[in-house]
Amino acid sequence: MAAIFTPTNQIRLTNVAIVRMKKAGKRFEIACYKNKVMSWRNKVEKDIDEVLQTHTVFTNVSKGQGAKREDLMKAFNTEDQTEICKQILAKGELQVSEKERQQQLESMFRDIATIVAEKCVNPETKRPYTVGMIERAMKDVHISVKPNRGTKQQALDVIKKLKETETMPIDRAQMRLRITLPVKEGKKVKSKLKSLIKTMEREEFGEELEMVCLVDPGCYREMDELVRSSTKGQGTVEVLDLKDIEEGDERLE
């Protein structure tokens, strides 16, 4: 029986994520492990060996066809395949199947809904919404996920859209703070903070001024900096609760 001939420039790879780049009129591809490309780009994964299945540059990964040296030199001015792989990793296009793309979009849709549910409440009842309720509202206003944008930024856009369309009563959950100020600067600093405070829950004068209040989470940094600078570090801003939610409320679908 004749031996099966396999060309030496062919490498067979399976379960692979392909990153592709066109340069100098040629197509170049690298074979990566699934879910590692984005980790590398986000600087979470720093070991190149954990990303690349092989330090080889291909013209076609699925057929196992390696790129020619002269083509690599012309396009990248180097024959160092690891260095070329890094360039393709950084700027190439990640190839995914339609099924994988759909799964990614569905996962992002769920992540965005989860962030919205964590950050918001019904302002009328102070009760949180479930992730399922937010997902249904997102579908009602035809929210489309953008795979190249961060989920946190998209969540903020969703909150804005739900407010604008009046799909459901929704508002950012408020943050409960305890602010302590020296009596000498207390009244002056309090007047500066007034516009940032949504609700004043408690205010006590003693050896120092202590206030417990509700604010929008986005105001926390500004208030903290204002208190520190106005009191030369003697005042403090302490987070008591991240959310203003009625205790004992059930999260019902």
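Biologist: What makes the crossing of α4 and α6 left-handed or right-handed?

Modeller: This is a predicted model, and in it the crossing of α4 and α6 is right-handed; that word is used if the near helix is turned clockwise from the far one by less than a right angle. The angle between helix α4 (residues 98-119) and helix α6 (residues 151-165) is about 65°, and their axes lie 9 Å apart.

Biologist: Which residues make the contact?

Modeller: From α4 come M108, D111, I112, I115 and V116, and from α6 come T151, K152, Q154, A155, V158 and I159, with contact meaning heavy atoms within 4.5 Å. Sorted by kind, the residues of this contact are seven nonpolar, two polar and two charged.

Biologist: How do you know which residues of helix α8 are buried?

Modeller: Buried requires under 20% relative accessible area, and in α8, which spans residues 220-230, M223, D224, L226 and V227 count as buried. Seen down the axis of α8, these buried residues fall within an arc of 165°, and therefore they line one face of the helix. On the other side of α8, R221 and S229 are exposed, a word that needs over 50%.

Biologist: What covers the buried residues of α8?

Modeller: The cover includes the strands β8 (175-182), β10 (208-215) and β11 (236-241), together with helix α7 (183-193). Just after α8, K232 has a positive phi of about 55°.

Biologist: How many of the residues of the chain count as buried?

Modeller: Of its 253 residues, 36% do.

Key: Residues are numbered from 1 along each chain as its sequence is written. This is a predicted model: local features need pLDDT of at least 70, side-chain atom pairs count only at pLDDT 80 or more; totals for chains, interfaces and linings use all residues. Side-chain values use heavy atoms; hydrogens and water are left out. Buried means under 20% relative accessible area, exposed over 50%, partly exposed in between (1.4 Å probe, protein chains only). Helices (H or I, at least four residues) and strands (E, at least two) are DSSP runs, numbered from the N terminus. The arc is that of the directions from the helix axis to the C-beta atoms. Axes are lines fitted to C-alpha atoms, for helices over the stretch in contact, and angles run from 0 to 180 degrees between N-to-C directions. Ala, Val, Leu, Ile, Met, Phe, Trp, Tyr, Cys and Pro count as nonpolar, Asp, Glu, Lys and Arg as charged, and the others, Gly among them, as polar.
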